[in-house]
Each structure stands twice: as structure tokens, then as C-alpha cells.
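I opened a new page for this structure.

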Amino acid sequence: MTQVSNVRIAGKRNLLSAQPALLIYLLPLVLLKHPVLMLCVFAGLFMLHSAFEVARRNWRLEYAADPARANSKRWLATIVATVGLVMAVQYAVLIPPVQSPDESAHIYRAYGLADNDFFVPKNSVENPFNQDVDEGLERFVQGWREKLATKGDERVTPNLASSMNSTSFKGREGRVWNAAAGYFPVLYWPAASGFALAMDASQPVWVGNLWARTFMAIIAIIATALALMISRAGTATIAAVSLLPMTLAQYGSVNFDATTISHGLLVVALLTTSVFDTENPEQIPRWARTGCWLLFTVLIISKPVYIALLLLPTAWIFFKHGNVWAKRPSLREVKNSRVELLMVGAALLLLFGWVAHMSANLVDLRIKDTVSIGARITQAVTSPVELFTILGNTITENGRFYWESAIGIMGWLDTPLPRAFYFQATAFLLMAFVVDAIAVNGLPKKERLLLFISLVGYVAALFLLFWASWTPRNGTFIEGIQGRYFIPVIPLLAYMIGRGSRDLKFLGLSPYWIMLVPVSVFTLVQLFTVPFTLLARYWL
């Protein structure tokens, strides 16, 4: 009894209590002029607060089992979060506005949420415009995009910077066509808050853009830090992928990927811990469980490729009642899993509902001569040889691009880093895999198979989506996929390869202390590589 009491006291001393976190719910009150955004902010804060509660309880249990290991993991999360935030904000400053892939469309979608636009406006080929955008914001976005985006020989000039920085919100809106108008907008709430606060404070557009980028970076880093604290395996890999230049550049942008990547890492940590952690006897409060499931649901609607990860919470219903491979759960056990069953069903219903709503209203003018997902599935089933030929062509054509763009091709994918850096980053990721492989207990083979199926399902859904939506009818390879889309599920590999022991030490140190060495080295290499590349591309 004394031991448990001491653990709880230590946990309270070392981590913020959950109670002060309630104070952050006062922040949306400044957004009363933006009721739709205010609801999204409340939802976003509730989801993060729920994950924080899981992280707090998880750390207490780890501290009870192994204080040294728990402290090393906390230090790793703290250092990665601190370094990540500093570098993400640095990239937000060094990379000019609208210089991330499709950032202009995401800026418009974030502004739309600040302007209380939630659902997809209807457009057509004859009337393509689908969003009202402030005239000053449109001038700002188009000015930066036309002068710099994909134009490798152009630089930021004093005249360009002066003209764009003097642009203010006009209070008058013009109609534009926005390709991102169909995205589920909840996870845009940090960027939308930045624009809303700037407009309410009568700040110029560049201030609103900087606040939007900074808020996205802060929330993305918080989600990543929670993922590090919650994960029971794959912790080193999560740390590694969160420090890649591409990840940090997305964190420091208005792009949707800032929140979908960071929250994707958080969901992977939550799901894999829930499914495979048999050492966690402490019950998570129902409100926190509901918030985490809400996060997963929002993520699936925002990025439908995450639907493959529904296999993990579905399997949880079986795993938590014993060996799923040996017996089926009883009716009583299934009833005890009603929260999981309801949330899985709700996620599917809301996903298909949003897709139906988007399909009925959005005409994407970029997509021509493509076919439906159903037609592509039929083509894959009836012509498997053709499918494998297309996949082979895709890997041959774009395999190296996927690798390099996952690590970091900056700007509108027009600013590659030095070739040696990609090998250094790859070595960094491999070191993280090694640490995770020896730092955690290995899973049984059938549990590894479940993870493998989830990972393959995610990749298959990604390729299928782009085969249907971006690839011409007679295309010989799949177009539109970028390396950053694979980042959130890379930690699943660490769960599959883990074969070590939690009691393993190096020179008396936890493997997570050892991970701080490659983290420090890679951070220094990145600091002396990426900023100078960005300066040479945009400013010198």
C-alpha cells in the first residue's frame, strides 16, 4: 500500500495534474465571434486532454514498474518536444508563406473554419467557385504562390516582402475555387484560431499566417509528446520520425498534415498500447476513453486512409478478454466492450456520411479522366497482373522520391537537401528501430501478423485512393503520393520487430538514454544543413 501511495505522489510531482489542464478550455471564449470554430477548439482541446490523462496514468504505471526507465522516457519526450518545437517554429519563419505543397488550399480551408464554414459548399463545372475568402488574404496567398512556388530561380525580394507584409484583411470576400474545401475541418482548429485572432485584433495578414503556423506547430508538438509518453513500444521510432525535416516543416506550416501526422502518431500510440498492453491494470476514465476514440474518429474522417487501423480497436474487443486466437468472447464480454463497438461503428458511419456529403457537393476541377474507387477495385480483382505491373512501375518510378520526400524535400518539393543528409537520416531511423527492437518485449507472432495486416491495409488504402482519384484512366503508374503520407505508420514497424527485454540496460542505462545520443547528433546535423538550404533557396 505504501508503495502505491509513493508512486502516486511521485507521479503528481513529476507531471502536471489533470486539473490545471481544464484552464485551457477558457481559451475558446475569446473566439465567441466564431461559434463553429469555438466548437472545433473545444473538441480539439478535449481530445488532447483525454490523451494527456492516458499519458499521465501510463507514466505512473511505468514509474511503479521501473522508475529509471520511466524517467528516461520522460526525458526523451521532453527533449524531442523542445527541439521539435524550436525547429518547427524556425522552419515556419525560414520558409516563406504558401511554400509547402498545397498550402494555399489549406490556408483557405482554415480561414473558412474561422469564418464559420464547416460543410462543403456545392459547386459545379459551370460554377466552380466554392468558398468565400477575404480579398486581402487572397491577394497575400496568390502573391506568394505566383512569385516563389515551384520557381527554383526566384528569391524573396525586398519589394515582394514589403508588398505582402503590408497586406491587411479587407473585410470583403471574393469567391474562389478551393481544392481543400472537402476536407473535414476539425483538425484545422489551431490554424483557424490564428487567423481568427489576427482578424479580431486587426493585424495584417502576415501576422495571421505566422500565428496560424505557430499554433499548428505547438499543437502538433503536444500531440507528438503525448504519443511518446503513451507508447509502450516504438517510442524511439516516434521520436525519430517526428524530428525528420519533412515532419517539422509540416508542423510549422498551415498544411493539414501538421495535425494529421502528429495526431496520427498519437492514435497509433493509443491503439497499439490499448490492444497489446496486458500489463496495464489501471482503468482509464470513460470520459478519457471517449475523447481518445473521438480523436480516432476525427482522424479517420480527415484522412480516410487511416480506416485500415480500425482493425486494431476491433481486435481490442477480443484481446482484452484473452487470447483472440483461442476463443471467442462471450456475449457479456462483448457488452462490456460497448464503447469500442459504438465508436468503431460511429467512425464508419461518420466517414461514409462525410464522403457522401463531399461527393454530392464537391467537383474537383483538377481531376480529369479518372475512374471511381469501385471501378479500380474491380480492375484489381479482374486484372491482378495489370495491378502488379502498375505497382511495380510505381515503385520503380517513385520509390526514391518516396524515401527522400518522407525525410525532406522542402518547399513545394522543389528544394532537395544534400544527398548525404538522406543517408544520415536513414541511419538515424535505423538506430531508432534497433533501440525499439531491444527495448521492448517481443509480441507473439499472431499479434505481429495483426500489425502487419494493419500496416499493409493502410498502404493499400493509400495507393487505392490515389489510383482512383489522381491517376489517369490508362496511367502506367500511380500518381500523387508523397513520402510524408507514410510517416504516421512507420512506428508500427517497431512493434513488429521488438524482441528485447524491458530489463535490458547498456552500461546501466535504459535504451532511451542511449537514444538521446543519435537524437543529439541528428539534431546538430539538421541544424547545419536544412536552415542553410532554405536560406540559399529563398533568401540569398
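I began with aspartate 132, which counts as partly exposed because its relative accessibility is 28%. The model I am reading is a predicted one. Aspartate 132 makes a salt bridge with arginine 175, and their closest N and O atoms are 3.1 Å apart. I noted that this pair links distant parts of the chain: aspartate 132 sits in strand β1 (residues 131-134) and arginine 175 in strand β2 (residues 173-176), 43 residues apart. Arginine 175 is also partly exposed, at a relative accessible area of 39%.

Entry two, other salt bridges. I found a count of 12 salt bridges. One of them joins aspartate 257 to lysine 303, with 3.4 Å between the closest N and O atoms. Aspartate 257 belongs to helix α11 (residues 257-276), while lysine 303 is in the loop between α12 (286-302) and α13 (311-319), 46 residues apart.

I then looked up arginine 537, which forms a salt bridge with aspartate 414 at 3.2 Å between the closest N and O atoms. Here 123 residues separate the partners: arginine 537 lies in helix α22 (residues 530-539), and aspartate 414 in the loop between β3 (409-410) and β4 (415-416). Arginine 537 is buried, with a relative accessible area of 5%, whereas aspartate 414 at 23% counts as partly exposed. I also wrote down a network in which salt bridges with shared partners join Glu53, Arg56 and Arg57.

Entry three, aromatic rings. I read off 20 aromatic pairs in the structure. Phenylalanine 140 and tryptophan 144 form an edge-to-face pair, 6.4 Å centre to centre with 75 degrees between the planes. Both lie in helix α5 (residues 135-148), four residues apart, which is about one turn of the helix. Phenylalanine 140 counts as buried at 1% relative accessibility, and tryptophan 144 counts as buried at 3%.

The rings of tryptophan 403 and tyrosine 422 have centres 6.1 Å apart and planes at 55 degrees, so I logged the pair as tilted. Tryptophan 403 is in helix α17 (residues 384-407) and tyrosine 422 in helix α18 (residues 419-439). I also noted a cluster of Phe118, Phe119, Phe184 and Trp354, linked by ring pairs.

Entry four, helix α4. I checked its length: the 12 residues of α4 (residues 103-114) should span 16 Å at 1.5 Å a residue, and the end C-alpha atoms are 16 Å apart, which agrees. How many of its 12 residues are buried? I counted 12 of 12. After α4 comes asparagine 116, with a positive phi near 70 degrees.

Note on methods. Residues numbered from 1 in each chain as written. Predicted model: local features only at pLDDT ≥ 70, side-chain atom pairs only at ≥ 80, totals over all residues. Heavy atoms only, no water. Expected span 1.5 Å × (residues − 1). Buried < 20%, exposed > 50% of the residue type's maximum accessible area, 1.4 Å probe, protein only. Phe/Tyr/Trp six-rings, centres within 6.5 Å; stacked < 30°, edge-to-face > 60°. Salt bridge = Lys/Arg side-chain N within 4 Å of Asp/Glu carboxyl O.
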